Every structure is written in structure tokens, then in C-alpha cells.
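The sequence and the structure come before the text.

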Amino acid sequence: MADLQTEHHGHEPEQHSEHKVVSPKVYGVIFLILLVGTALTVWASYWDVGPWNAAIALGIACTKATLVVLFFMHVKYSSKLTKLTVGAGLFTFLILVGMSLADYFTRAWGQW
Amino acid sequence: MSTIVSLPDQATARIPKRNYLSNENGLLSWLLTGDHKRIAILYLISITFFFAIGGTLAGLIRLELLTPQSDLFAADTYNKIFTMHGVIMVFLFLVPSVPATIGNFVIPIMVGAKDLAFPKINLLSWYLYLAGGAMTLWAMISGGVDTGWTFTTPLSTHFSNTNVVTTGLAIFVAGFSSIFTGLNFIVTIHRMRAPGMTWFKLPLFVWSNYAGSILMVLGTPVLAITLVLVVLERTIGIGVFDPAKGGDPILFQHLFWFYSHPAVYIMILPGMGVISEVVSTFSRKRVFGYTAVAFSSVAIAVFGFFVWAHHMFIMGVSNYAVLVFSLLTMLVAVPSAIKIFNWAFTLYKGSITFETPMLYAFGFMGLFTIGGLTGVFLGSSGTDIHLTETYFIVAHFHFVMVGGMLMAFLSGIHFWWPKMTGRMYPEKISQLAAVVTFIGFNFTFFPQFLLGMLGMPRRYAAYPPEFQVLNVFSTAGASILGIGYLLPILYLIWSLKYGKIAGNNPWQATGLEWQIQSPPLTENFVEIPIVTQEAYDYEWLERQKEHEVTHVG
Amino acid sequence: MSDSQAVATTVDAGHAGGHAAHPPYQRHHFVSMEQQNETTNFGMWLFLLTEIMFFGGMFTAYLIYRNWYYPAFVAASHTLNIIEGTANTGVLITSSFTMALGVWCAETKRRKGLVWSLIATFILGLVFLGIKADEYHEKWVLHHVPGTYFSAQAFVHPTAEDGKPAEKPLAPDMAAHTEVYFSLYFAMTGMHALHMIIGIGILSFMLFRATRGAYMDGNIAFVENFGLYWHFVDIIWIFLFPLLYLISRYS
């Protein structure tokens with residue numbers, strides 16, 4: 001991480017990120033990838049590949065979201081704290097979804 | 001009895017002329033303030049108001065239960081009373097109690113900042129709290145709500161014809177108040193610390209509020225969306241929780257308890273922080289195992305998200321989920337026990353004195369331990385099936401919330417009262433109040449464990465006559481408890497004018513907040529401190545005092 | 001607030017060293033602009049965290065019912081307008097792009113660029129809401145809005161329309177469960193639209209200030225943090241689109 005520098009200005013011993021200006025070219029490339037991803041996900045949904053349809057749709061959505069987070073939202077260039085915050089949100093979200101679904105899936109297994 | 005209280009010479013001592021209270025006058029200077037200390041006072045007044053209402057409702061419940069018949073109120077009135085008692089006590093008292101009052105007041109000072117990171121959002125959070133409170137009161141006086149504070153579907157969405165929508169939206173609004181408080185704390189603790197104030201020099205009160213704030217920020221939104229869905233279901237009839245349309249009422253339970261179980265830790269963690277400060281100060285020792293206690297707060301916060309379904313063992317979740325959640329529930333006992341044992345070791349060979357905050361802290365440790373251990377009964381699915389929805393569960397969470405949290409809150413209020421107001425509370429009568437509270441509490445709630453074991457269900461206005469003896473005990477205890485809570489309200493107000501001048505550091509405590517004047521300046525510090533000492537370093541404090549003496553003399 | 005500042009001037013005299021250099025928009029309780037910016041940025045991220053959990057509840061509900069009532073979800077999903085949905089996705093991604101450009105213009109102090117980017121974002125936001133409103137209207141006409149007006153008849157007796165072959169009919173009890181799908185559809189897209197409306201409100205305020213020359217002095221935290229919010233709303237839609245519109249389009 002070249003853009004992360006340890007900067008001790010007294011009040012805060014954590015790592016600080018220098019404010020990085022992302023060039024419009026990067027934004028443009030990401031924008032195009034997002035548009036292509038949208039087209040791809042619509043196109044893919046018209047092919048019958050069984051359970052893979054959902055996986056492909058979610059995979060493309062996750063990729064698009066990751067690109068938006070990393071570049072449009074500057075997380076790639078941000079401090080570790082920001083990255084940790086995003087990770088914490090994702091983690092708790094997955095607990096909510098995962099452990100709730102775990103109950104629903106195991107209900108089908110019936111009694112002991 | 002020995003004491004560590006050292007007050008300035010009362011003949012010459014004065015409250016500092018310039019402080020946060022005298023800085024500006026007039027009602028508007030309070031209503032538009034950005035000062036975290038003034039907002040803390042605003043919160044203190046408002047939560048005391050709601051505590052009084054919630055307490056009165058509790059008194060009415062106990063009066064009704066004095067006799068086996070439902071003679072004082074009709075059954076549905078009784079339902080509305082215990083619902084309102086729960087809603088007010090949980091959302092308008094316990095959740096904001098320690099964080100929004102004591103935390104708001106001392107956290108910025110403890111980390112060495114001039115204010116919280118977002119003063120205006122802090123003020124907004126108080127107004128949201130008031131709005132939520134006002135809506136709750138409106139729901140109460142315009143017909144009440146009878147679903148219990150848990151808003152169980154489909155009762156809340158279809159069958160109750162009371163003010164579910166108003167109350168739900170009230171909690172939604174109050175929830176945002178709590179989100180903003182938590183957000184403000186996390187940002188402040190990360191970004192506003194004074195030079196040299198590393199994470200492991202922070203007082204444990206800051207650590208536990210940090211952990212509690214994480215839960216507020218991550219948990220409360222789930223409650224918010226759940227209540228929105230309930231309101232939508234009630235008003236326009238969407239079908240997310242409605243079994244008639246294919247929805248699953250148990251999903252409501254999942255979403256509700258995903259917040260409401262962590263909410264228990266939102267309530268108790270800040271209280272645990274108070275106990276760490278008080279136990280250390282009144283045994284003149286660094287908290288034993290500082291790092292373990294600090295991380296146990298974070299561990300409680302993380303584990304808190306993994307255990308919510310233990311509220312749902314009898315509601316139709318799968319057997320396998322019951323097994324997993326039951327096992328995970330036991331995990332929470334570990335960090336809680338770490339705290340209790342470390343406080344005990346802090347007391348060991350300490351120079352213990354028995355000022356009022358310490359008496360409340362002892363009350364906390366005993367009652368919280370009982371509350372926590374009975375929680376193990378309820379977390380084990382086998383015993384839970386027998387005990388859930390009985391008075392055992394009522395006794396359990398009142399031991400944790402009232403015996404634990406309320407004791408911690410009172411301990412903290414007494415402990416920081418001199419800092420907040422510049423004056424001491426009267427010592428003898430407050431010690432009496434602490435003892436009365438402890439006795440009254442045990443009289444009130446211990447019989448309820450027995451009632452629950454015998455099978456008395458909760459939430460009924462009437463009960464079989466064989467339960468009456470224990471219920472009479474409980475009601476009698478409640479009246480003692482009521483006196484125990486009334487006393488502090490009276491003598492604390494009295495002390496505002498007649499209390500002894502406290503001076504900067506009546507307890508000889510080590511926190512940054514005790515090194516500045518009482519009451520503090522608006523911006524807390526004359527100079528932003530540079531922190532070199534560890535938390536609870538009493539030798540450092542001694543050296544500071546020697547330093548002062550040699551320099552002044 | 002004025003009370004704090006009154007004391008700030010006198011108290012700060014003690015360490016007035018670097019005080020003269022402080023820009024006017026630095027608030028009194030921060031040591032440096034860097035600290036202030038990092039603090040507000042972190043605060044914004046925490047707020048977005050709460051938003052993740054807010055939508056998280058609905059995503060959980062969606063996943064559960066999709067597994068329970070898959071045929072109903074497929075049939076109901078096919079009644080959504082795929083053209084409008086795809087177009088809206090494009091519109092929202094484009095608005096995210098123009099917002100990102102706006103942040104860049106503010107960073108590099110291009111006033112005209114900022115104003116035009118914000119105008120573009122504003123218009124695209126309105127276009128999104130317009131298309132959404134048209135879709136909602138279509139749902140209303142088809143009796144697909146949950147509540148007393150809802151009717152699942154079209155799923156039990158599907159009719160061919162516009163050259164498309166008729167959908168496979170559903171059993172009446174499964175067809176009734178399309179109401180769960182539409183409940184979630186309206187709850188999720190409605191909450192998303194509400195966030196868009198709030199965003200457009202803040203955006204117009206920001207646009208108004210930008211035309212007056214604001215954000216050209218390096219104090220761009222507001223633009224950056226609004227950008228984060230706008231991108232977050234975009235991300236929610238990136239997930240809503242395949243989950244709601246694209247369930248087994250082939251069948």
C-alpha cells in the first residue's frame with residue numbers, strides 16, 4: 001500500500017491515509033465495467049443453467065458492488081480503519097442472514 | 001470506617017466561577033447547546049422522568065398482583081400497563097441510561113477531547129429521544145398498547161386493536177437516537193483521543209461503552225426495519241409476517257431478537273464499565289487483568305450477535321438451531337465471568353473503602369452474578385422449555401437489568417455527581433439508600449424465581465391463589481425498592497444547593513476527568529493533556545500530588 | 001454553538017501556536033483539518049454500516065421466502081418490466097459515475113465541472129424515480145400491490161399478451177404467495193426509493209451551494225460524504241436488480 005503512510009501527529013497513533021485524488025480515467029473504466037456487468041447479468045439470466053443462475057447473478061452483483069466500494073467510494077485508498085469498518089458491516093450482515101437461514105434450512109430436517 | 005474522600009476546606013472552597021453550567025444562561029442556551037456535558041444533563045433529567053413513569057407503572061403491576069384475582073385493573077388494562085412499563089424501561093430508560101448520561105459526560109473527557117466528534121448530532125440524538133418519548137406517552141394516554149414490549153406477531157399486526165403503530169414508530173425514532181449516540185462514541189474514541197492516549201491507556205469505562213456502541217450501531221437498524229415492516233403490515237397489509245399470506249411470524253422473532261438480544265448488552269456493558277472504574281478507585285488498585293477486562297467487553301459485543309435465538313426455543317425454530325444457539329449462548333458466560341473474577345481479584349488485598357458508589361457496585365456484582373447464572377438455566381434448552389414465559393424469566397432479567405444495570409447506573413451517578421455538579425451528595429443517607437435498594441430488590445425479585453419454578457406464567461393479571469404468599473412478598477419488597485429509588489432523587493436535588501464543595505478529585509481517582517476542575521470548563525481542558533500514565537496508576541497520582549506540593553510550597 | 005466558542009477563544013490562548021493557521025471551517029473541537037475530515041469520513045462510514053443492517057433485515061426475509069415459494073417468486077418476478085429495470089440500473093450506475101466525477105471536480109477545484117456533475121446526478125436521480133413510479137403504476141393497474149387491492153388471479157389463469165406466450169399457471173395456494181414477493185418488492189424498492197428521495201433533497205441543497213461557489217476552498221468533506229451515501233444507495237440497487245427482476249428469466 002504505497003498510499004498508506006504512518007504519520008504521527010501526536011493525537012492519533014493509527015495509520016493515516018494521504019488524501020488520494022482518483023483520476024476520472026479510473027472512474028470511467030469502472031463505469032464501463034459496471035455497465036458491461038449489468039448487460040452480462042441480464043443476458044445470463046436468460047440461459048437455463050439450473051442453480052448456477054442465482055450464483056452467477058449474485059456473483060456479478062458482488063463484483064459490481066466491490067468495484068463501487070473500492071473505487072467510487074475510495075476504500076482501496078482509505079485507511080485500515082475504513083476497511084475494517086466495511087468488513088465489520090459485511091460480517092454482521094452475514095451473521096444475520098446466515099444464522100437465520102440456518103434455522104430455516106434445518107427445520108426441513110425434522111425431529112431428531 | 002476509613003475513607004478516601006478528601007474534600008477541600010469547606011470554609012474557603014468555592015465552586016469555580018467559570019464552568020460549563022455558568023458559561024451561558026437561559027433556557028435556549030440549554031436547548032441549543034452543543035456541549036456534551038449539558039446534553040448529558042438534559043438526558044439525565046429526561047431519563048429520570050421516564051424512569052419515574054416506568055417505575056410508577058411497575059408499582060401498579062405489583063399492586064394488581066397483590067391478590068390472585070384481577071381486581072385493581074381489567075385484564076386488558078393490566079396488559080397495557082406491563083407493555084408500557086417494558087417499552088419505557090427498555091427503550092427510554094435502560095438503553096440510554098449510562099451511555100447517554102454518564103457516557104456523554106465523561107467519555108470525551110476520559111479520552112482527552114474537547115467534545116464528542118459530532119456535537120450537533122449529539123443534540124439531535126437527544127431531540128429524537130424526546131420525540132420518541134413523547135410519541136410513547138401519546139400512545140399510552142390515547143389508549144395504550146397491549147402487545148408486550150416484544151410486539152409479537154401476529155398479535156401486533158392483526159389482532160391487537162391498540163396503538164401498535166404509534167408505539168412502533170416511537171421506538172423507531174428513539175432507536176435513531178441510540179444509533180447516533182453510539183456512532184458519536186465510536187468516532188470519538190477512534191479519532192479524538194489526546195496525544196499519548198493509546199487504546200490500552202483508556203479507562204475500562206471507555207472500552208465497555210465502545211463495545212456497547214458497536215452493538216447500538218449494528219443492531220438497532222435491524223429493529224428499525226422490523227418495526228417498519230410491522231407498521232406496513234398493520235397499515236397497508238403487506239404479507240411478510242402474516243401466516244395467512246404465507247409469511248412467517250417466526251421471522252419477526254428472528255429479526256426482533258437479532259437486535260433485542262444484543263440490546264441486553266447495550267444496556268449492561270456501559271454499566272460494567274462503571275463498575276470497573278468504581279471498584280478500582282475504592283480499592284486503590286489497578287483493575288486486575290486490565291487487558292482481559294477490556295477485551296471481554298469486545299467479546300461480549302461480538303458473541304452477543306451469535307445467540308439471539310435462545311429467546312425462541314419454544315417458538316418453532318429447528319431442533320438443530322436450538323442446539324447450536326444453546327451452545328453458543330454458553331460462550332457469553334465466559335467474558336462475563338472474566339469480568340466478575342477480575343473485579344474480585346481487584347478487591348483482593350486492595351484498600352477497600354465503602355463509599356456509596358462502592359456499595360452499589362457490590363450490589364451490582366452480587367445481583368448480576370445471580371442474574372447471569374440464572375441466564376445459564378434459560379440458555380440451556382432443556383430447562384428453558386420448563387422455565388420460559390414464567391416468572392423465572394421475569395426475575396432473571398430484572399436481576400440483570402435492575403439489580404445489575406440500575407445499580408451500576410446509581411453507582412455511576414453517585415461516583416461522578418461531584419464532577420457533574422461540583423458538590424458532594426450526602427454520604428450517610430446515600431449509603432442507607434444503597435442498602436435499602438439492595439434489600440428491597442431481593443425481596444421483590446427473589447420470590448419471583450420461586451414463582452417461576454412453581455410455574456406461575458408471566459403477563460397475567462390473575463393467578464392461582466397458592467402463589468399469593470410469594471406475590472405478597474414481592475409487592476412488599478417493591479415498596480421498599482420504591483423508597484430506595486425515591487431517596488436518591490430527593491437528596492441529589494438537595495445536594496445541588498446544600499452539598500459540600502467537592503473539589504477536583506474527591507475520590508483520589510486517576511481518570512483524566514478527575515484532574516480537571518469540577519464542574520468542568522465548557523471545553524473541558526485548559527490545555528489538551530499529553531497522556532503518559534497508564535489507566536488506574538495510583539502511584540502516578542501520588543507523584544502528581546507531591547509535584548504540586550513542592551511547586552506550590 | 002456559541003457557548004462553546006465563547007470559551008474557546010480564551011481557553012485556546014494557552015496553545016495558540018498553530019491556531020492562526022486554522023481555516024475558518026475547522027470546528028473548534030478538532031486539532032487539525034485532517035482530524036476533522038477523517039472524523040466525519042469515519043462517521044459517514046459508520047452510518048452506512050447501520051444502513052447495511054437496515055436493508056439486511058429485508059434481504060434475510062427475501063432469501064427465506066425465495067426458498068420457500070420459489071415458483072411464486074419466479075412467476076411474480078416475470079411480471080416486472082425487465083426493460084425499465086435494466087434501464088434504471090444503467091441510470092443509477094451513471095448517476096454514481098457522475099457523482100464520482102463531481103467529487104473529483106471538487107477535489108481539483110473545478111467549479112463548473114462540479115456544478116454540471118451535480119446537475120447530471122440530480123437529473124439521473126429524478127429519472128430513476130420517474131421510471132420507478134411508472135413501474136409502480138403498472139403494478140397498481142395489475143392489482144399486484146399487496147393489501148386489500150391485491151389479486152393473484154393473473155397467476156392462476158395467466159393470459160398471453162403482446163406476442164409473449166402465457167406463463168405457466170400456478171396452483172392457487174402458490175399463486176397467493178406472490179403477495180409475499182410483492183410485499184418484499186415494495187418494501188425493498190420503496191425503502192431504496194426513500195433513500196433516493198432523501199439523497200436528491202440533500203443533493204439539491206449541495207447543488208445550490210455549489211452554484212454559489214462553495215466547495216472550492218478545499219472544504220469538500222460534505223461532497224465526499226454525500227458521494228459515499230449516493231454510491232451506497234447505488235450498491236443496494238445493484239443487489240436488488242438481479243434479486244427482484246432476474247429470477248430464472250429463461251423459463
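## Salt bridges and interfaces

A:Arg107 and A:Asp103 join through their side chains in a salt bridge, with an N to O distance of 2.9 Å; the term stands for a side-chain nitrogen of Lys or Arg within 4 Å of a carboxyl oxygen of Asp or Glu. The two residues are four apart in helix H3 (residues 80-107) of chain A, so about one helical turn separates A:Arg107 from A:Asp103. Helices here are DSSP runs (H or I, at least four residues), numbered from the N terminus.

The model is predicted, so local features need pLDDT of at least 70 and side-chain atom pairs pLDDT 80 or more, while totals for chains, interfaces and linings use all residues. Residues are numbered from 1 along each chain as its sequence is written, chains are lettered from A and ligands numbered from 1 in the order in which they are written, and side-chain values use heavy atoms, leaving out hydrogens and water.

A:Arg107 also forms a salt bridge with B:Asp248, at 3.4 Å from N to O. The rule finds one salt bridge across the interface of chain A and chain B and two across that of chain C and chain B. B:Lys245 and C:Glu179 are paired in a salt bridge of 3.3 Å, N to O. Over all chains the count is eight salt bridges.

The table lists both interfaces, with contact meaning heavy atoms within 4.5 Å and buried area being the accessible area (1.4 Å probe) that two parts lose on being put together, summed over both.

| Interface | Residues in contact | Buried area | Share from carbon and sulfur atoms |
|---|---|---|---|
| Chain A and chain B | 23 residues of chain A, 27 residues of chain B | about 2200 Å² | 63% |
| Chain C and chain B | 43 residues of chain C, 49 residues of chain B | about 3900 Å² | 70% |

## Second largest pocket

The second largest pocket holds about 1400 Å³ of space. A pocket is an open set of points on a 1 Å grid over the protein atoms alone, where a 1.4 Å probe fits, with protein on both sides within 12 Å along at least five of seven lines; lining residues have an atom within 4 Å of a point. The volume is the space filled by probe spheres set on the points, which are joined across faces, edges and corners.

Its lining has 49 residues, and B:Phe118, B:Ile121, C:Thr40, C:Phe222 and C:Asn225 lie nearest the centre. H2(C) gives the largest share of this lining, nine residues.
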